[in-house]
Amino acid sequence: MTVRRGEFLGLAGHTGSGKSTLVQHLNGLIRPQEGSICALGLDLSNKKDAAAVKAKVGVVFQYPERQLFAETVAQDVAFGPHNLGLPQDEVDRRVESSLSRVGLDLTTVGDKSPFELSGGQQRRVAFAGVLAMEPEVLALDEPMAGLDPAARRDFLELIDRLHRDGLTVVMVSHSMDDLANCCDRIVVMNEGAVFAEGTPAQVFAHADELKSIGLGVPAAQRMALALAEAGVPLRRGGLYTVESLADELADLLIGRSDGPSNVADIAKSKTVAREEGC
Ligand SMILES: Nc1ncnc2c1ncn2[C@@H]1O[C@H](COP(=O)(O)OP(=O)(O)O)[C@@H](O)[C@H]1O
Ligand SMILES: [Mg+2]
C-alpha cells in the first residue's frame with residue numbers, strides 16, 4: 001500500500017486485522033519479516049535511514065496519555081525534542097507551539113503535573129509531545145477512543161486542522177462516519193492484508209463486501225438505504241455523509257435538480273411557498 005504525501009488516509013478494519021501493527025511499521029518501531037517499507041524516500045530496513053524517519057513520522061498510540069511520565073506538562077512535551085539534542089531555546093519554542101497547536105496554553109498548564117489534568121487534556125499533552133518532534137507524517141491509532149462525543153469532535157477538528165496545515169495524516173478509526181467525513185482515501189484491512197482501498201465513495205460503494213468482514217457503513221448511508229427501500233427515489237451511491245444526504249433530500253423535496261442545495265434554503269423555500277399560498 002502507499003500513503004501519498006499530504007493526504008488524509010483512513011485505516012479501517014475489524015479488531016485484530018493488523019491496523020496497529022501496520023501503524024507501528026510506519027516509523028520503524030516494528031520491522032517487517034518480509035517485504036519493505038519506504039518512508040519519505042528512505043528505506044526503513046537501512047538503520048541510518050530508519051533513525052531519520054523516526055523523527056519525521058510521529059506515531060500517536062492508542063490511549064497515548066498512558067505514556068505520560070514527567071513531573072510537569074512542559075517537561076513531558078520537551079522530552080522528544082530534548083533527546084534530539086536541540087538547544088534549550090529551540091526546545092522551549094517547540095513546547096510552547098505544540099501545546100498551542102493542541103489548544104493548551106503553556107503558561108496555564110506548563111507547570112502542572114499531567115496527572116492533574118482531565119483525560120481529554122492529558123491526551124492533548126501526549127499529542128503535543130509527538131508534534132514537538134515536528135513530524136511531516138502523523139500516524140494516529142484510534143485517537144478518539146474512549147473520549148466523550150464533544151471531546152471526540154474537538155479532537156477530530158484538531159487533526160483535520162493539522163492536516164490542512166500540511167501534515168500527512170494516517171488515522172486508524174472504528175468510526176466509519178469519521179472516516180467518511182475526513183479522509184481523502186481509506187484502506188480497509190482484513191487478516192493482516194489490504195482488503196480494499198480507495199476514496200470513501202469507492203470503498204463505501206461495497207457495503208456487502210464490508211459487511212462480510214464485519215464492517216458497517218456510515219450512518220447517513222444506512223439511512224439512505226433505508227429510505228430507498230421504503231421507496232424514496234434517492235440517487236444511488238455517494239450518499240455517505242450527512243451533508244450529501246441532506247442535499248439529496250432537499251433536492252427531492254423541492255422536486256427539481258437545480259433546486260436549493262441545503263436544508264436552510266429549503267426551509268426558506270417552504271416559508272416562501274406558504275406565504276405565496278402554495
Ligand atoms: N500482516 C500480518 N501478518 C501476521 N500477523 C499479523 C499481521 N498484522 C497483524 N498481525 C498480528 O495480528 C494481531 C492483531 O494485530 P493488531 O495490529 O493489534 O490489530 P488491530 O490493531 O487491527 O486490532 C497481532 O497479534 C499481530 O501481531
Ligand atoms: Mg489496534
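Residues are numbered from 1 along each chain as its sequence is written, and chains are lettered from A and ligands numbered from 1 in the order in which they are written. Because the model is predicted, local features need pLDDT of at least 70 and side-chain atom pairs count only at pLDDT 80 or more, while totals for chains, interfaces and linings use all residues; side-chain values use heavy atoms, with hydrogens and water left out.

**Figure 1. Overview of the protein chain.**
The chain contains 13 helices and eight strands; helices (H or I, at least four residues) and strands (E, at least two) are DSSP runs numbered from the N terminus. Its C-alpha trace spans about 75 × 50 × 30 Å along the principal axes. Of the 278 residues, 42% count as buried, where buried means under 20% relative accessible area, exposed means over 50%, and partly exposed lies in between (1.4 Å probe, protein chains only). The chain exposes about 14,900 Å², of which carbon and sulfur atoms supply 51%; accessible areas come from the Shrake-Rupley method with a 1.4 Å probe, and for residues only the protein chains shown count as cover. Among contacts with a separation of 6 or more, 59% come from residues 24 or more positions apart, a contact being heavy atoms within 4.5 Å.

**Figure 2. The surroundings of ligand 1.**
An oxygen atom of the ligand lies 3.0 Å from a backbone N or O atom of Gly 18, and an oxygen atom of the ligand is 2.8 Å from an N or O atom in the side chain of Ser 20. A nitrogen atom of ligand 1 lies 3.1 Å from a backbone N or O atom of Gly 192. Taken alone, the ligand exposes 560 Å², and the protein buries 48% of that.

**Figure 3. Helix H3 and its packing.**
Helix H3 covers residues 73-83, and its buried residues are Val 73, Ala 74, Asp 76, Val 77, Ala 78, Gly 80 and Pro 81. An α-helix has 3.6 residues a turn, so residues three or four places apart point the same way. The buried residues of H3 pack against helix H4 (88-101), helix H5 (106-109) and helix H6 (119-131). Just after H3, Gly 85 takes a positive phi of about 80°.

**Figure 4. Aromatic pairs.**
Three aromatic pairs are found in the whole structure. Rings of Phe, Tyr and Trp (its six-membered ring) pair if their centres lie within 6.5 Å; planes under 30 degrees apart count as stacked, over 60 as edge-to-face and the rest as tilted. The rings of Phe 69 and Phe 79 have centres 5.1 Å apart and planes at 85°, so this pair is edge-to-face. Phe 69 lies in the loop between strand E4 (57-60) and H3, and Phe 79 lies in helix H3, so the pair ties together parts 10 residues apart in sequence. Phe 79 is partly exposed, with a relative accessible area of 43%. Phe 127 and Phe 155 form a stacked pair, at 5.5 Å centre to centre with 15° between the planes. This pair links Phe 127 in helix H6 to Phe 155 in helix H7 (residues 149-164), 28 residues apart. Both Phe 127 and Phe 155 are buried.

**Figure 5. His 163 in helix H7.**
His 163 is placed in helix H7 and counts as buried at 14% relative accessibility. Its side chain reaches the backbone oxygen of Gly 6 at 2.8 Å. Leaving aside neighbours within four places in sequence, His 163 is in contact with Gly 6, Glu 7, Phe 8, Val 169 and Asp 184.

**Figure 6. Cys 183 in a loop.**
Cys 183 is found in the loop between helix H8 (176-182) and strand E7 (185-190), and counts as buried at 8% relative accessibility. Cys 183 and Phe 8 are 175 residues apart in sequence, yet 5.0 Å apart in space, C-alpha to C-alpha.

Notes
Polar contact = N/O pair within 3.5 Å; in protein donor to acceptor, adjacent residues only side chain to side chain.
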